[in-house]
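I begin with a single contact list and end with a chain as a whole.

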Amino acid sequence: MDTELIQQIRDKARSLLAEGTVEGVIGYERASDGISSRPLFAYDSSATERLIFDETCAHNLVKYLLNKKSRKMAVVVKPCDSRAINLLLNEGQIERDKIFVIGVGCPGMVETNWNYKSETLQAKCRSCQLSKPLVYDFLAGGEFERQAEEETYSDITEAEAESLANRREFWLEQFGRCIRCYACRQVCPGCYCPVCFAERLEPLWVGIRITPEENELWQTIRSFHLAGRCIGCNECERVCPVDIPLSLLNRKLEKDVKELFAFQAGLDPEEQPPFATFKKEEKLEFGE
Amino acid sequence: MSVEYQPKVIGFLCNWCSYAGADVAGTSRMDYPHNIRIIRVPCSGRVDPLFVLKCFQRGADGVLVSGCHPGDCHYTEGNYHARRRFALLREFLDYLGIAKERLRLEWVSASEGQRFAELVSDFTAELNKLGPRSKI
(Lines give C-alpha, C1' and ligand atoms only; values in the text may rest on other atoms or scores of the structure.)
Protein backbone atom coordinates (compact mmCIF):
# COMPACT_ATOMS: atom_id res chain seq x y z
CA MET A 1 0.00 0.00 0.00
CA ASP A 2 1.39 3.36 -1.06
CA THR A 3 1.00 5.44 2.10
CA GLU A 4 2.22 8.64 0.48
CA LEU A 5 -0.38 8.36 -2.28
CA ILE A 6 -3.12 7.69 0.29
CA GLN A 7 -2.03 10.67 2.37
CA GLN A 8 -2.24 12.89 -0.70
CA ILE A 9 -5.79 11.68 -1.41
CA ARG A 10 -6.86 12.21 2.21
CA ASP A 11 -5.29 15.68 2.40
CA LYS A 12 -6.91 16.74 -0.84
CA ALA A 13 -10.29 15.37 0.20
CA ARG A 14 -10.11 17.10 3.55
CA SER A 15 -9.18 20.47 2.07
CA LEU A 16 -11.87 20.20 -0.63
CA LEU A 17 -14.51 19.57 2.04
CA ALA A 18 -13.12 22.26 4.35
CA GLU A 19 -13.05 24.88 1.61
CA GLY A 20 -16.54 23.88 0.56
CA THR A 21 -15.39 23.22 -3.00
CA VAL A 22 -17.37 19.99 -2.95
CA GLU A 23 -20.15 18.57 -0.85
CA GLY A 24 -18.76 15.08 -0.75
CA VAL A 25 -15.90 12.89 -1.85
CA ILE A 26 -16.40 9.49 -3.44
CA GLY A 27 -13.43 7.23 -2.83
CA TYR A 28 -12.43 3.84 -1.53
CA GLU A 29 -12.17 2.44 1.98
CA ARG A 30 -11.07 -0.89 3.40
CA ALA A 31 -13.89 -3.40 3.47
CA SER A 32 -14.65 -5.14 6.75
CA ASP A 33 -12.74 -8.26 5.72
CA GLY A 34 -9.55 -6.22 6.01
CA ILE A 35 -8.36 -7.21 2.53
CA SER A 36 -10.67 -5.96 -0.20
CA SER A 37 -12.05 -2.47 -0.59
CA ARG A 38 -15.42 -0.80 -1.05
CA PRO A 39 -16.69 2.62 -2.10
CA LEU A 40 -16.75 5.36 0.51
CA PHE A 41 -18.89 8.49 0.44
CA ALA A 42 -17.16 11.04 2.64
CA TYR A 43 -19.22 14.09 3.61
CA ASP A 44 -17.13 15.34 6.55
CA SER A 45 -13.43 15.56 7.27
CA SER A 46 -13.43 12.72 9.81
CA ALA A 47 -14.58 10.31 7.12
CA THR A 48 -11.70 11.28 4.83
CA GLU A 49 -9.33 9.48 7.21
CA ARG A 50 -10.83 6.22 5.99
CA LEU A 51 -9.90 6.84 2.36
CA ILE A 52 -7.43 4.38 0.86
CA PHE A 53 -6.08 3.40 -2.52
CA ASP A 54 -4.36 0.18 -3.47
CA GLU A 55 -4.52 -2.69 -5.97
CA THR A 56 -7.91 -3.87 -4.67
CA CYS A 57 -9.78 -0.65 -5.58
CA ALA A 58 -11.33 -1.99 -8.77
CA HIS A 59 -14.71 -0.24 -8.60
CA ASN A 60 -15.44 2.38 -11.22
CA LEU A 61 -16.73 5.18 -9.00
CA VAL A 62 -17.76 7.37 -11.92
CA LYS A 63 -21.06 5.47 -11.98
CA TYR A 64 -22.03 7.13 -8.69
CA LEU A 65 -21.81 10.61 -10.21
CA LEU A 66 -25.02 9.83 -12.10
CA ASN A 67 -26.91 9.69 -8.79
CA LYS A 68 -25.33 12.89 -7.48
CA LYS A 69 -26.02 15.25 -10.35
CA SER A 70 -27.49 17.95 -8.13
CA ARG A 71 -24.49 18.07 -5.77
CA LYS A 72 -20.90 19.00 -6.45
CA MET A 73 -18.82 15.91 -5.80
CA ALA A 74 -15.18 14.94 -5.89
CA VAL A 75 -14.37 11.48 -7.14
CA VAL A 76 -11.28 9.29 -7.04
CA VAL A 77 -10.58 8.14 -10.57
CA LYS A 78 -8.17 5.60 -12.00
CA PRO A 79 -6.83 6.02 -15.56
CA CYS A 80 -9.35 3.56 -17.05
CA ASP A 81 -12.25 5.12 -15.12
CA SER A 82 -11.33 8.56 -16.41
CA ARG A 83 -12.60 7.50 -19.83
CA ALA A 84 -16.04 7.10 -18.24
CA ILE A 85 -15.91 10.76 -17.22
CA ASN A 86 -15.17 11.74 -20.82
CA LEU A 87 -18.03 9.53 -21.99
CA LEU A 88 -20.55 11.08 -19.59
CA LEU A 89 -19.34 14.59 -20.43
CA ASN A 90 -19.72 13.80 -24.12
CA GLU A 91 -23.26 12.56 -23.57
CA GLY A 92 -24.21 15.53 -21.43
CA GLN A 93 -24.85 13.44 -18.34
CA ILE A 94 -22.52 15.31 -16.01
CA GLU A 95 -21.21 18.86 -15.90
CA ARG A 96 -17.49 19.42 -15.76
CA ASP A 97 -17.73 22.25 -13.23
CA LYS A 98 -19.86 20.17 -10.90
CA ILE A 99 -17.25 17.49 -10.42
CA PHE A 100 -13.75 17.53 -9.01
CA VAL A 101 -11.61 14.71 -10.32
CA ILE A 102 -8.94 13.33 -8.01
CA GLY A 103 -6.86 11.33 -10.46
CA VAL A 104 -4.62 8.54 -9.24
CA GLY A 105 -1.76 6.78 -10.95
CA CYS A 106 -2.71 3.14 -10.99
CA PRO A 107 -0.45 0.15 -10.42
CA GLY A 108 -3.06 -2.22 -11.92
CA MET A 109 -5.84 -4.01 -10.11
CA VAL A 110 -5.95 -7.59 -8.85
CA GLU A 111 -8.94 -9.92 -8.56
CA THR A 112 -10.60 -9.63 -5.20
CA ASN A 113 -13.28 -11.45 -3.36
CA TRP A 114 -14.40 -11.62 0.22
CA ASN A 115 -11.26 -12.24 2.29
CA TYR A 116 -9.21 -12.86 -0.83
CA LYS A 117 -7.02 -11.09 -3.31
CA SER A 118 -5.12 -12.65 -6.15
CA GLU A 119 -1.42 -12.28 -6.82
CA THR A 120 -1.83 -11.56 -10.52
CA LEU A 121 -3.28 -8.50 -12.22
CA GLN A 122 -6.71 -8.45 -13.86
CA ALA A 123 -6.65 -9.14 -17.59
CA LYS A 124 -7.66 -5.58 -18.49
CA CYS A 125 -4.77 -4.21 -16.43
CA ARG A 126 -2.22 -6.45 -18.12
CA SER A 127 -2.88 -4.76 -21.45
CA CYS A 128 -3.54 -1.24 -20.09
CA GLN A 129 -1.41 1.50 -21.57
CA LEU A 130 -2.71 4.52 -19.67
CA SER A 131 -0.09 5.88 -17.29
CA LYS A 132 -2.36 8.55 -15.82
CA PRO A 133 -6.03 9.61 -15.99
CA LEU A 134 -7.07 11.42 -19.17
CA VAL A 135 -8.94 14.00 -17.17
CA TYR A 136 -8.21 15.22 -13.64
CA ASP A 137 -8.12 18.32 -11.47
CA PHE A 138 -5.59 16.93 -9.05
CA LEU A 139 -3.20 14.06 -9.63
CA ALA A 140 -2.21 12.01 -6.61
CA GLY A 141 0.85 9.81 -6.73
CA GLY A 142 2.10 10.94 -10.14
CA GLU A 143 2.32 8.82 -13.23
CA PHE A 144 3.01 5.12 -13.35
CA GLU A 145 5.17 3.59 -16.02
CA ARG A 146 2.99 1.06 -17.80
CA GLN A 147 4.31 -1.66 -20.00
CA ALA A 148 1.52 -3.54 -21.73
CA GLU A 149 2.29 -7.21 -21.51
CA GLU A 150 -0.03 -8.59 -24.13
CA GLU A 151 -1.86 -7.58 -27.27
CA THR A 152 -5.23 -6.19 -26.35
CA TYR A 153 -7.40 -8.22 -28.71
CA SER A 154 -5.61 -11.58 -28.82
CA ASP A 155 -8.50 -13.42 -27.13
CA ILE A 156 -10.99 -11.81 -29.52
CA THR A 157 -9.14 -12.90 -32.65
CA GLU A 158 -8.92 -16.36 -31.14
CA ALA A 159 -12.69 -16.46 -30.60
CA GLU A 160 -13.30 -15.12 -34.12
CA ALA A 161 -11.22 -17.93 -35.60
CA GLU A 162 -13.56 -20.59 -34.19
CA SER A 163 -16.15 -22.08 -36.54
CA LEU A 164 -19.63 -20.58 -36.68
CA ALA A 165 -21.17 -23.62 -34.98
CA ASN A 166 -18.60 -23.54 -32.19
CA ARG A 167 -19.16 -19.86 -31.60
CA ARG A 168 -22.89 -20.45 -31.41
CA GLU A 169 -22.47 -23.30 -28.96
CA PHE A 170 -20.04 -21.32 -26.83
CA TRP A 171 -22.27 -18.29 -26.51
CA LEU A 172 -25.46 -20.22 -25.89
CA GLU A 173 -23.71 -22.02 -23.06
CA GLN A 174 -22.56 -18.68 -21.64
CA PHE A 175 -25.96 -17.03 -22.02
CA GLY A 176 -27.63 -20.14 -20.65
CA ARG A 177 -25.98 -19.47 -17.31
CA CYS A 178 -27.12 -15.84 -17.11
CA ILE A 179 -29.61 -15.34 -14.30
CA ARG A 180 -30.47 -11.84 -15.53
CA CYS A 181 -29.70 -10.18 -12.23
CA TYR A 182 -28.78 -7.08 -14.30
CA ALA A 183 -25.70 -6.45 -12.16
CA CYS A 184 -23.79 -5.79 -15.40
CA ARG A 185 -26.19 -2.97 -16.18
CA GLN A 186 -26.32 -1.51 -12.69
CA VAL A 187 -22.56 -1.20 -12.45
CA CYS A 188 -22.00 0.18 -15.95
CA PRO A 189 -21.30 3.93 -16.22
CA GLY A 190 -22.75 3.88 -19.74
CA CYS A 191 -26.08 2.29 -18.72
CA TYR A 192 -28.23 5.09 -17.38
CA CYS A 193 -31.51 4.99 -19.35
CA PRO A 194 -34.41 5.87 -17.01
CA VAL A 195 -36.31 2.88 -18.41
CA CYS A 196 -34.18 0.05 -19.72
CA PHE A 197 -35.47 -1.82 -22.79
CA ALA A 198 -35.26 -4.99 -20.72
CA GLU A 199 -37.91 -3.63 -18.38
CA ARG A 200 -40.36 -2.43 -20.99
CA LEU A 201 -43.61 -4.33 -20.77
CA GLU A 202 -45.25 -2.80 -23.81
CA PRO A 203 -43.80 -4.14 -26.04
CA LEU A 204 -42.18 -6.88 -24.04
CA TRP A 205 -38.77 -7.07 -25.74
CA VAL A 206 -37.11 -9.39 -23.30
CA GLY A 207 -39.40 -12.12 -22.04
CA ILE A 208 -39.74 -12.78 -18.34
CA ARG A 209 -38.63 -16.39 -18.56
CA ILE A 210 -34.95 -16.96 -17.83
CA THR A 211 -34.06 -18.98 -20.93
CA PRO A 212 -30.95 -18.96 -23.13
CA GLU A 213 -32.94 -17.24 -25.91
CA GLU A 214 -34.19 -14.40 -23.76
CA ASN A 215 -30.79 -14.01 -22.10
CA GLU A 216 -29.13 -13.88 -25.49
CA LEU A 217 -31.39 -11.03 -26.51
CA TRP A 218 -30.61 -9.18 -23.30
CA GLN A 219 -26.84 -9.64 -23.49
CA THR A 220 -26.60 -8.91 -27.21
CA ILE A 221 -28.56 -5.69 -27.05
CA ARG A 222 -26.93 -4.62 -23.80
CA SER A 223 -23.50 -4.84 -25.37
CA PHE A 224 -24.69 -3.34 -28.65
CA HIS A 225 -26.08 -0.32 -26.80
CA LEU A 226 -22.54 0.12 -25.55
CA ALA A 227 -20.96 -0.17 -28.98
CA GLY A 228 -18.66 2.82 -29.38
CA ARG A 229 -19.51 3.79 -25.80
CA CYS A 230 -17.95 1.05 -23.69
CA ILE A 231 -14.84 2.48 -22.05
CA GLY A 232 -13.45 -0.88 -21.04
CA CYS A 233 -13.52 -0.61 -17.25
CA ASN A 234 -14.75 -4.20 -17.29
CA GLU A 235 -16.89 -3.71 -14.21
CA CYS A 236 -19.70 -5.76 -15.78
CA GLU A 237 -17.50 -8.81 -15.97
CA ARG A 238 -16.14 -8.27 -12.47
CA VAL A 239 -19.59 -8.19 -10.87
CA CYS A 240 -21.13 -11.01 -12.94
CA PRO A 241 -22.12 -13.69 -10.41
CA VAL A 242 -21.97 -16.48 -12.99
CA ASP A 243 -18.72 -15.35 -14.64
CA ILE A 244 -19.92 -14.74 -18.18
CA PRO A 245 -16.93 -13.37 -20.16
CA LEU A 246 -18.68 -10.10 -21.01
CA SER A 247 -15.44 -8.43 -22.04
CA LEU A 248 -15.39 -10.76 -25.05
CA LEU A 249 -18.59 -9.05 -26.20
CA ASN A 250 -17.67 -5.50 -25.30
CA ARG A 251 -14.15 -5.67 -26.65
CA LYS A 252 -15.26 -7.32 -29.87
CA LEU A 253 -17.48 -4.30 -30.50
CA GLU A 254 -14.72 -1.95 -29.40
CA LYS A 255 -12.37 -3.62 -31.89
CA ASP A 256 -14.88 -3.44 -34.74
CA VAL A 257 -15.77 0.18 -34.01
CA LYS A 258 -12.06 0.98 -34.12
CA GLU A 259 -11.68 -0.78 -37.45
CA LEU A 260 -14.85 0.51 -39.10
CA PHE A 261 -15.10 4.03 -37.71
CA ALA A 262 -11.63 4.70 -36.25
CA PHE A 263 -13.17 5.62 -32.94
CA GLN A 264 -12.52 4.76 -29.33
CA ALA A 265 -14.86 5.86 -26.57
CA GLY A 266 -13.89 8.14 -23.72
CA LEU A 267 -10.65 9.50 -25.10
CA ASP A 268 -11.97 12.92 -26.06
CA PRO A 269 -15.14 14.48 -24.60
CA GLU A 270 -15.66 16.59 -27.75
CA GLU A 271 -15.36 13.93 -30.45
CA GLN A 272 -18.63 12.77 -31.99
CA PRO A 273 -19.44 9.13 -31.25
CA PRO A 274 -19.74 6.86 -34.33
CA PHE A 275 -23.52 6.45 -34.25
CA ALA A 276 -24.19 10.16 -33.92
CA THR A 277 -22.56 10.89 -37.23
CA PHE A 278 -21.78 9.36 -40.65
CA LYS A 279 -19.82 9.94 -43.79
CA LYS A 280 -21.67 9.92 -47.07
CA GLU A 281 -18.89 8.30 -49.04
CA GLU A 282 -17.70 5.74 -46.49
CA LYS A 283 -17.29 2.10 -47.53
CA LEU A 284 -18.38 -0.33 -44.87
CA GLU A 285 -18.59 -3.42 -47.07
CA PHE A 286 -22.29 -3.46 -46.37
CA GLY A 287 -25.22 -1.79 -48.06
CA GLU A 288 -23.15 -0.88 -51.08
CA MET B 1 -44.50 -36.78 -43.73
CA SER B 2 -41.48 -34.65 -44.39
CA VAL B 3 -42.02 -30.99 -45.04
CA GLU B 4 -39.58 -29.22 -47.29
CA TYR B 5 -37.54 -26.54 -45.53
CA GLN B 6 -38.70 -23.05 -46.35
CA PRO B 7 -36.65 -20.18 -44.95
CA LYS B 8 -38.54 -17.49 -43.09
CA VAL B 9 -37.45 -14.05 -44.16
CA ILE B 10 -38.49 -10.84 -42.43
CA GLY B 11 -38.21 -7.71 -44.53
CA PHE B 12 -38.12 -4.25 -42.97
CA LEU B 13 -38.93 -1.96 -45.87
CA CYS B 14 -38.89 1.79 -45.73
CA ASN B 15 -42.15 3.48 -46.52
CA TRP B 16 -40.81 5.84 -49.18
CA CYS B 17 -38.67 3.68 -51.45
CA SER B 18 -38.44 -0.03 -50.78
CA TYR B 19 -42.05 -0.59 -49.77
CA ALA B 20 -43.16 1.19 -52.91
CA GLY B 21 -40.60 -0.87 -54.85
CA ALA B 22 -42.11 -4.06 -53.46
CA ASP B 23 -45.51 -2.70 -54.44
CA VAL B 24 -44.31 -2.23 -58.01
CA ALA B 25 -43.08 -5.83 -58.02
CA GLY B 26 -46.54 -6.90 -56.89
CA THR B 27 -48.63 -4.78 -59.21
CA SER B 28 -46.46 -5.76 -62.18
CA ARG B 29 -47.13 -9.39 -61.22
CA MET B 30 -43.48 -10.27 -60.90
CA ASP B 31 -42.74 -13.68 -59.51
CA TYR B 32 -40.68 -13.85 -56.34
CA PRO B 33 -40.55 -16.28 -53.38
CA HIS B 34 -43.29 -15.80 -50.83
CA ASN B 35 -40.89 -16.55 -47.97
CA ILE B 36 -40.60 -12.87 -47.17
CA ARG B 37 -42.88 -11.28 -44.58
CA ILE B 38 -42.83 -7.56 -45.02
CA ILE B 39 -42.97 -5.01 -42.21
CA ARG B 40 -43.34 -1.42 -43.30
CA VAL B 41 -41.24 1.09 -41.38
CA PRO B 42 -40.99 4.86 -41.88
CA CYS B 43 -37.27 4.70 -42.67
CA SER B 44 -34.42 2.19 -42.64
CA GLY B 45 -33.04 4.35 -39.85
CA ARG B 46 -36.07 3.37 -37.78
CA VAL B 47 -34.96 -0.25 -37.64
CA ASP B 48 -33.50 -0.91 -34.23
CA PRO B 49 -30.95 -3.75 -33.96
CA LEU B 50 -33.35 -5.02 -31.32
CA PHE B 51 -35.95 -5.70 -34.04
CA VAL B 52 -33.43 -7.81 -35.95
CA LEU B 53 -32.42 -9.74 -32.86
CA LYS B 54 -36.04 -10.34 -31.96
CA CYS B 55 -36.69 -11.76 -35.44
CA PHE B 56 -33.80 -14.19 -35.10
CA GLN B 57 -34.87 -15.10 -31.59
CA ARG B 58 -38.38 -15.92 -32.77
CA GLY B 59 -37.14 -18.20 -35.53
CA ALA B 60 -36.47 -16.05 -38.59
CA ASP B 61 -33.84 -17.47 -40.93
CA GLY B 62 -32.95 -14.19 -42.51
CA VAL B 63 -33.64 -10.49 -42.07
CA LEU B 64 -33.66 -7.96 -44.88
CA VAL B 65 -33.45 -4.27 -44.10
CA SER B 66 -34.11 -2.13 -47.10
CA GLY B 67 -34.29 1.59 -47.63
CA CYS B 68 -33.75 4.38 -50.12
CA HIS B 69 -30.43 4.61 -51.95
CA PRO B 70 -27.78 6.74 -50.21
CA GLY B 71 -28.60 10.36 -50.90
CA ASP B 72 -32.29 9.66 -51.54
CA CYS B 73 -33.53 9.26 -47.96
CA HIS B 74 -36.84 10.98 -47.35
CA TYR B 75 -35.44 12.14 -44.01
CA THR B 76 -32.11 13.10 -45.62
CA GLU B 77 -29.83 10.88 -43.56
CA GLY B 78 -31.69 7.96 -41.99
CA ASN B 79 -30.18 5.40 -44.32
CA TYR B 80 -26.63 6.57 -43.60
CA HIS B 81 -27.23 5.94 -39.91
CA ALA B 82 -28.74 2.55 -40.70
CA ARG B 83 -25.69 1.65 -42.78
CA ARG B 84 -23.30 2.30 -39.89
CA ARG B 85 -25.48 0.48 -37.40
CA PHE B 86 -26.00 -2.67 -39.44
CA ALA B 87 -22.42 -2.86 -40.67
CA LEU B 88 -21.47 -3.27 -37.03
CA LEU B 89 -24.40 -5.50 -36.06
CA ARG B 90 -23.66 -7.89 -38.90
CA GLU B 91 -20.13 -8.54 -37.64
CA PHE B 92 -21.41 -8.89 -34.10
CA LEU B 93 -24.10 -11.42 -35.02
CA ASP B 94 -21.54 -13.46 -36.89
CA TYR B 95 -19.34 -13.43 -33.80
CA LEU B 96 -22.25 -14.78 -31.76
CA GLY B 97 -22.80 -17.58 -34.24
CA ILE B 98 -25.52 -16.17 -36.50
CA ALA B 99 -24.01 -16.23 -40.00
CA LYS B 100 -23.51 -12.74 -41.39
CA GLU B 101 -25.22 -13.77 -44.65
CA ARG B 102 -28.51 -13.93 -42.75
CA LEU B 103 -28.68 -10.16 -42.35
CA ARG B 104 -28.87 -8.02 -45.44
CA LEU B 105 -29.04 -4.29 -45.95
CA GLU B 106 -30.06 -3.29 -49.46
CA TRP B 107 -31.13 -0.15 -51.24
CA VAL B 108 -34.28 -0.40 -53.39
CA SER B 109 -35.92 2.65 -54.89
CA ALA B 110 -39.65 3.07 -55.54
CA SER B 111 -39.25 2.16 -59.21
CA GLU B 112 -37.01 -0.88 -58.76
CA GLY B 113 -39.69 -3.57 -58.59
CA GLN B 114 -37.56 -5.88 -60.71
CA ARG B 115 -34.59 -5.38 -58.42
CA PHE B 116 -36.72 -6.14 -55.36
CA ALA B 117 -38.00 -9.40 -56.87
CA GLU B 118 -34.47 -10.47 -57.81
CA LEU B 119 -33.20 -9.51 -54.38
CA VAL B 120 -35.76 -11.63 -52.55
CA SER B 121 -35.14 -14.58 -54.88
CA ASP B 122 -31.41 -14.31 -54.37
CA PHE B 123 -31.68 -13.96 -50.60
CA THR B 124 -34.09 -16.89 -50.29
CA ALA B 125 -31.82 -19.06 -52.43
CA GLU B 126 -28.86 -18.17 -50.26
CA LEU B 127 -30.78 -18.96 -47.07
CA ASN B 128 -31.90 -22.26 -48.58
CA LYS B 129 -28.27 -23.10 -49.14
CA LEU B 130 -27.37 -22.19 -45.56
CA GLY B 131 -30.20 -24.37 -44.27
CA PRO B 132 -32.21 -23.95 -41.08
CA ARG B 133 -30.63 -22.12 -38.18
CA SER B 134 -29.49 -24.54 -35.52
CA LYS B 135 -32.12 -24.49 -32.82
CA ILE B 136 -31.16 -23.58 -29.33
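Entry one, a residue and its surroundings. Leaving aside residues up to four places away in sequence, I found that B:Val41 touches B:Phe12, B:Leu13, B:Cys14, B:Asn15, B:Arg46 and B:Val47, where contact means that the C-beta atoms, placed from the backbone, lie within 7 Å. I note that this is a predicted model, in which local features need pLDDT of at least 70 and side-chain atom pairs count only at pLDDT 80 or more, while totals for chains, interfaces and linings use all residues. Residues are numbered from 1 along each chain as its sequence is written, and chains are lettered from A and ligands numbered from 1 in the order in which they are written.

Is B:Val41 buried or exposed? I count B:Val41 as buried because it has 22 C-beta neighbours inside 10 Å; the cut-offs are 20 or more other C-beta atoms within 10 Å for buried, 12 or fewer for exposed, and partly exposed in between. I also looked up B:Tyr19, which is 22 residues from B:Val41 in sequence and 8.6 Å from B:Val41 in space, C-alpha to C-alpha.

Entry two, the strands. B:Val41 lies in strand S2 of chain B, helices (H or I, at least four residues) and strands (E, at least two) being DSSP runs numbered from the N terminus. Strand S2 (residues 36-41) of chain B pairs with strand S1 (residues 9-14) of chain B in the parallel sense over six bridges, pairing being assigned if DSSP finds at least two bridges between two strands. Within this pair, I find B:Val41 listed as the bridge partner of B:Cys14.

I read that the contact takes 28 residues from chain B and 29 residues from chain A. On chain B, helix H2 (49-57), helix H3 (78-95) and strand S4 (103-107) each supply at least two residues of that side, and H3(B) gives the largest share, 13 residues.

Of the 288 residues of chain A, 39% count as buried. Among contacts in chain A between residues at least 6 apart in sequence, 67% join residues at least 24 apart.

Note on methods
Two residues are in contact if their C-beta atoms, placed from the backbone, lie within 7 Å.
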